[in-house]
Amino acid sequence: MFKALADPTRRSLLDELFATDGQTLGELESRFEMSRFGVMKHLGQLEQAGLVVTQRRGREKLHFLNSVPIRLVHDRWVSKYAEPWVDVLSGLKKRVEPHMEKVFEIYIRTTPERLWEAIVDGEIRRKYNFGAAVTSEWTVGSRLEMGTATGVLLGEGEVLEVEPPRRLVHTMVALWGEEVKAEGASRVTWEIEPVQDSCRLTVTHDQLREGANPELFGGWPMIISGLKTWLETGELLTTPGSLLYA
């Protein structure tokens with residue numbers, strides 16, 4: 001990842017995706033004075049580093065910024081030493097531009113069954129979901145609730161698809177503040193793919209209105225980082241905000 005970020009063109013590509021996520025190769029190419037092949041090569045290196053994730057939409061291939069690896073580096077090397085200097089050291093703004101769709105991807109050394117359990121088990125979920133549990137019967141059409149141990153309801157939704165241990169789709173309405181509540185329902189898709197002794201987890205948060213409140217999707221890098229940490233080490237993240245509702 002550090003090698004990928006060392007090149008200024010690749011950093012500029014990430015900046016472009018930060019500003020407008022989900023762009024095609026042609027859209028990105030138009031912003032740089034280099035050949036299509038050159039842009040493809042840089043994007044390929046960013047994909048290998050896990051900083052860019054691609055999704056097919058019909059005949060188009062869209063590129064999304066994946067901020068999870070940067071969050072992991074922050075948690076390991078920055079947070080415990082110099083939290084106030086994160087913006088300066090990373091060169092990336094904390095402000096997240098609102099978009100219609102956000103995609104996050106990470107590799108976790110675990111089995112699909114154990115990863116699925118960590119997603120749907122309320123008490124396990126509390127360990128990495130800011131201290132809040134997410135509970136449901138996990139059947140199509142069933143209600144989903146996210147809340148604190150003291151009974152404060154932080155979110156609610158409906159389960160749309162259930163294919164254990166590979167795919168889970170549900171809606172979510174945030175309730176922790178009037179501003180996010182006014183945004184209404186969005187959709188979250190969890191996809192698990194076995195890769196040798198690990199799993200690739202892709203979380204897609206979409207059906208967000210243009211200009212949606214960043215609080216709706218800004219916490220995913222920390223949630224997914226906490227999930228990886230707990231499954232692989234049995235420990236909890238203690239970075240600022242990671243146990244907000246514990």
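Reader: Is threonine 204 buried or exposed, and how is that decided?

Author: Buried means under 20% relative accessible area, exposed over 50%, and partly exposed in between, with a 1.4 Å probe and protein chains only. Threonine 204 has 5% relative accessibility, so it counts as buried. This is a predicted model, in which local features need pLDDT of at least 70 and side-chain atom pairs count only at pLDDT 80 or more, while totals for chains, interfaces and linings use all residues. Residues are numbered from 1 along each chain as its sequence is written, and side-chain values use heavy atoms, with hydrogens and water left out.

Reader: Where is threonine 204 placed, and which residues does it touch?

Author: Helices (H or I, at least four residues) and strands (E, at least two) are DSSP runs, numbered from the N terminus. Threonine 204 belongs to strand S9. Contact means heavy atoms within 4.5 Å. Not counting residues up to four places away in sequence, threonine 204 touches Glu101, Lys102, Val103, Arg187, Val188, Thr189 and Glu191.

Reader: Is methionine 146 buried or exposed, and what is it in contact with?

Author: Methionine 146, found in strand S5 (residues 143–147), is buried because its relative accessible area is 11%. Leaving aside neighbours within four places in sequence, its contacts include Asn129, Ala132, Val134, Leu154 and Trp176. Methionine 146 and alanine 132 are 14 residues apart in sequence, yet 6.4 Å apart in space, C-alpha to C-alpha.

Reader: How should I read strand pairing, and which sense do S4 and S5 take?

Author: Two strands pair if DSSP finds at least two bridges between them. Strand S4 (residues 133–136) and S5 are antiparallel and share four bridges. Threonine 135 has glutamate 145 in S5 as its bridge partner. The hairpin of S4 and S5 has six residues between the strands, and there tryptophan 138 takes a positive phi near 55°.

Reader: How many bridges join S1 to S2?

Author: Six bridges join S1 to strand S2 (residues 60–65), and the two run antiparallel. The bridge partner of arginine 57 is glutamate 60 in S2. This hairpin has two residues between the strands, and glycine 58 takes a positive phi near 70°.

Reader: Which other backbone angles deserve a look?

Author: Most residues other than glycine have a negative phi, and most peptide bonds are trans. Phenylalanine 130 is not a glycine, but has a positive phi of about 60°; phenylalanine 130 lies in the loop between helix H8 (122–126) and S4. Glutamine 196 also has a positive phi, near 55°, and is found in the loop between S8 and S9. At 83% relative accessibility, glutamine 196 counts as exposed. The peptide bond from proline 164 to proline 165 is cis, with omega near -5°, and proline 165 is in the loop between S6 and S7.

Reader: Which residues touch the most other members of the largest nonpolar core?

Author: A nonpolar core is a set of buried Ala, Val, Leu, Ile, Met, Phe, Trp, Tyr and Cys residues joined through side-chain atoms within 4.5 Å. In the largest one, of 40 residues, those touching the most other members are Leu115, Ile119, Leu168, Trp190, Leu201, Trp220 and Leu227. Elements giving two or more residues to this core include helix H7 (112–120), strand S7 (167–174) and helix H10 (220–233). H10 supplies the largest share, seven residues. A second, separate core has 15 residues, among them Leu25, Phe32, Val39 and Leu65.

Reader: What is the volume of the second largest pocket, and which residues are closest to its centre?

Author: On a 1 Å grid over the protein atoms alone, a cavity is a set of points where a 1.4 Å probe fits but cannot get out, and a pocket is an open set with protein on both sides within 12 Å along at least five of seven lines; lining residues have an atom within 4 Å of a point. Grid points are joined across faces, edges and corners, and a volume is the space filled by probe spheres set on the points. The second largest pocket holds about 390 Å³. It is lined by 20 residues, and Val53, Glu105, Tyr107, Arg200 and Thr202 are the closest to its centre. S1 gives the most to this lining, with four residues.

Reader: How many cavities of 30 Å³ or more are found?

Author: The search of the whole structure finds one. The largest cavity has about 40 Å³ of space, and its lining includes Lys127, Tyr128, Met222 and Leu243.
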